[in-house]
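Me: I would like to go through this model and ask what stands behind the words used for it. Please set each value against its definition.

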Amino acid sequence: MAVLEKRPAWRGVLVAREKTIQCLECLNPPFTMPQELQLEGAFKEAFIFNPCGMGHFVLRPLGTTANLVHKWIEFNTYLRNQAKVGVVLLQDWELFILPPKSIPVADLSAEVYYRARAKLKSPACVSQTQVMAGSTLRSGTRVHPSHLETLEQMHAAWVFGAVAELIDNARDAKATRLEISIEDMVLGETGTVPVLQMVDNGLGMNHEEIVKMLSFGHKRPGESDAEQIGHFGVGFKTGAMRIGRDAVIFTQKKDTCSMGFLSKSYNANLEDLEVPIVTYKRFSSGQISLDESVCTKQDEEKCKKAVTKHSPFINDISIGAQFARIENTGTRIFVYNLEQWDGKCIFEWNRSLDPETNAQNEKNELEDIKIRSRRVRVRAGQTSKQVPLDFSLRAYTEVLFLVPSMKIYLQRSLVNTRNLAKTLQNVERFQYHFVHEKDPIKNKLIPLTLGKLQIEYDRGNCGIFLYWHGRLIEAYKRVGDMVHSADIGRGIIGIMDVTDIMDFGDGKVGVLNNKQGFTDSDRFSKLEKWLDKTFGEYWDNNFDKFGLFEKEKLKEGERLVHDAEWVQCMKCSKWRELPKGWCADDLVGDWFCYMKPFEGNCDMAEAVQDNVITVAINRDGNKKVAPVFVTNDSDASLVVNPESSTSSLDIGATKTLKRLKRSRPGSGPIKIERKKSKP
């Protein structure tokens, strides 16, 4: 058995701002340390510091002079009272001096934890460190550049899933505005190329945060954050690499700004994946300087050389201009060498609005970015090919978030977000009784809204829109007999947020890591069965109201329209109902309450949607309908009109025929019985 070499004791000094705090000694140093340990000006918060997985050693004070003893006690008192952790950065290591657990005295030893510093040139190749008997054994982990091609496969089926990952990052950064556009830029000898640009005004990232975003295999959060969509730590990398070969990131916080480069082109001839990153300090004067506490001059030169050679930003001026365009905080992402479809760019887009005249394009179309193939995603039971959400980024972003809190602009044109629930007809709200397996306190009632959407009826679509953390995961999910017939459920849309159901605790969630589906779990299986049953009841009870054959009565050139259109105010975020004849798409640009046709103010209460029926379940399992107040011009009452010529005998037969109509192909014969009406 090999004998680990024991290092000699270390003696040196702890220094802060060029002044000695104390002379120290370590009897079993885990690695060679310089004689002078320089404290960083920034301290870490002790309550968020996690030493898990780090090495540990002790520093003993040696100085006995009154001055050194006073400074040592003063230093430890500060750490204890302010709950701070002292930081010392060495060439390869980070040291963390913990606050004392007891009142500081002259001979108090300091507990020190340490870890290897991440190499900025390749955050993906951070070494894993093992500590054994005071010595350090390293087993380096290597990542080949071809791993980037593996990551892009996560969104191989649908490129908008990759775009959504970048949108999620902007929302998680608390951005209130996100601009998405494709513009032409010059790329070296290649000439002019289309570049996907995503610009937000969020919180931005510091050095540690951008390294985490561009690194591979960092620790997942212990609990799922209800305010955050990002969870798996792979969203940006999988999204950017699916959209194009190269991505440059410019991000800025109050005191720092950073540039990162994730690139297949740069890594094409390398054996180990490298992700160049450089971080600068920002000053109130607007000037920036290299932050040498986290990167060296050589790191800066290497990052700039990679970016200027393989990106449209060819010099310091063009790089600095991107930081200058960030007003306060935010992030600018540029993805280029975009994926191809049949020899052309995978995307199609119309030209942006003229920034000076704000004029529409020549065809007077809404600005959009579309998938060139126009392929419709495969869903069980779906035969319709009219699903704009599958190939139009505007249609997708209109319903991407259940509660929109961020303005999204496509090609400089504002996306009018849609509140699906407010556009439905014959609305009923159901409650799903979620029962937690272990903790009854977590039992909840999860609402489901069902109704008919005329435009989806015209297109032949139907299904449930399932959201998680307020973000759309599955659209048009067919349930029950929708799966077996294109006509059953036609035009019926459901909306449900399943966050509480699919968050399993301890950081585990029931969502696929591409956020385009749910895992196969008992919770989701129970939910699907409930959705099947609930849709069946809704379909039976509302069949006569849907007017499924009304289109046959229309004259040539006529079409069915929505009963109501809603628009959201950009200031107060309240939804306002538009008068008949108005369409939300006709309201170009930002819309506020004082504008036509509402002409009100933001203090006015949001209108309550009429004719909404709330359905609950009694303890005996029978359906219970809450009282409904029907407006004068409404026909949404569940009570049969006494003046109707339809008898109860006909109603009974009709209900049976409804069940027959939605029966599955191949099922056995159904006996039709007519019940006599009561006198």
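Me: In which strand is Arg11 found?

Reply: Arg11 is found in strand 1. Strands are DSSP runs of E with at least two residues, helices are runs of H or I with at least four, and both are numbered from the N terminus. This is a predicted model, in which local features need pLDDT of at least 70 and side-chain atom pairs count only at pLDDT 80 or more, while totals for chains, interfaces and linings use all residues. Residues are numbered from 1 along each chain as its sequence is written, and side-chain values use heavy atoms, with hydrogens and water left out.

Me: Why is Arg11 called exposed?

Reply: Its relative accessible area is 57%. Exposed means over 50%, buried under 20%, and partly exposed in between, with a 1.4 Å probe and protein chains only. Arg11 is therefore exposed.

Me: What makes the pair of Arg11 and Glu25 a polar contact?

Reply: The distance between the two side chains is 3.1 Å. A polar contact is a pair of N or O atoms within 3.5 Å; within protein, one must be able to donate a hydrogen and the other to accept it, and residues adjacent in sequence count only if both atoms are side-chain atoms. Arg11 is also in contact (heavy atoms within 4.5 Å) with Leu24, Gln35 and Leu62, among residues beyond four places in sequence.

Me: Why is Glu94 counted as buried?

Reply: Glu94 has 16% relative accessibility, so it falls in the buried class. Glu94 lies in strand 7, residues 93–97, and five of the five residues of that strand are buried. Trp93, Leu95 and Ile97 point one way from strand 7, and Glu94 and Phe96 point the other way.

Me: Which side chain makes a polar contact with Glu94?

Reply: The side chain of Arg115 does, at 2.8 Å. Tyr113, Tyr114 and Ala116 are also among the residues in contact with Glu94.

Me: How do you know that strand 6 and strand 7 pair?

Reply: Two strands pair if DSSP finds at least two bridges between them. Strand 6 and strand 7 have four bridges and run antiparallel, with Leu89 as the bridge partner of Glu94. The two strands form a hairpin with three residues between them. On to strand 8, strand 7 pairs in the antiparallel sense over five bridges, and there Leu95 stands opposite Tyr114.

Me: What is the order of the open sheet of eight strands, and why does it have edges?

Reply: The order is 3-1-2-5-8-7-6-4, with mixed pairing. Strand 3 (36–38) and strand 4 (44–45) each have a single partner strand, so one side of each is left without a neighbour in the sheet. Strand 4 meets the criterion for pairing with strand 6 through two antiparallel bridges, and Glu45 has Lys84 as its bridge partner. Helix 1 (residues 66–82) lies across strands of this group, including strand 2, to which it runs at about 90°. Such angles run from 0 to 180 degrees between N-to-C directions, with axes fitted to C-alpha atoms, for helices over the stretch in contact.

Me: Why is Phe313 called buried?

Reply: Its relative accessible area is 2%, so Phe313 is buried. Phe313 is found in the loop between helix 6 (297–310) and helix 7 (316–324). Among the residues it touches are Met185, Val248, Phe250 and Phe334. The C-alpha atoms of Phe313 and Val248 are separated by 9.3 Å, although the two are 65 residues apart along the chain.

Me: Which residues touch the most other members of the largest nonpolar core?

Reply: Ile167, Ile180, Phe236, Ile243, Phe347 and Phe465 do, in a core of 67 residues. A nonpolar core is a set of buried Ala, Val, Leu, Ile, Met, Phe, Trp, Tyr and Cys residues joined through side-chain atoms within 4.5 Å. Helix 3 (residues 159–172) gives the most to this core, with eight residues.

Me: Why is strand 24 described as largely enclosed?

Reply: Seven of its ten residues are buried, so strand 24 (residues 425–434) is largely enclosed by the rest of the structure. Eight bridges join strand 24 to strand 25 (residues 444–452), and the two run antiparallel. Phe430 stands opposite Leu448 in strand 25.
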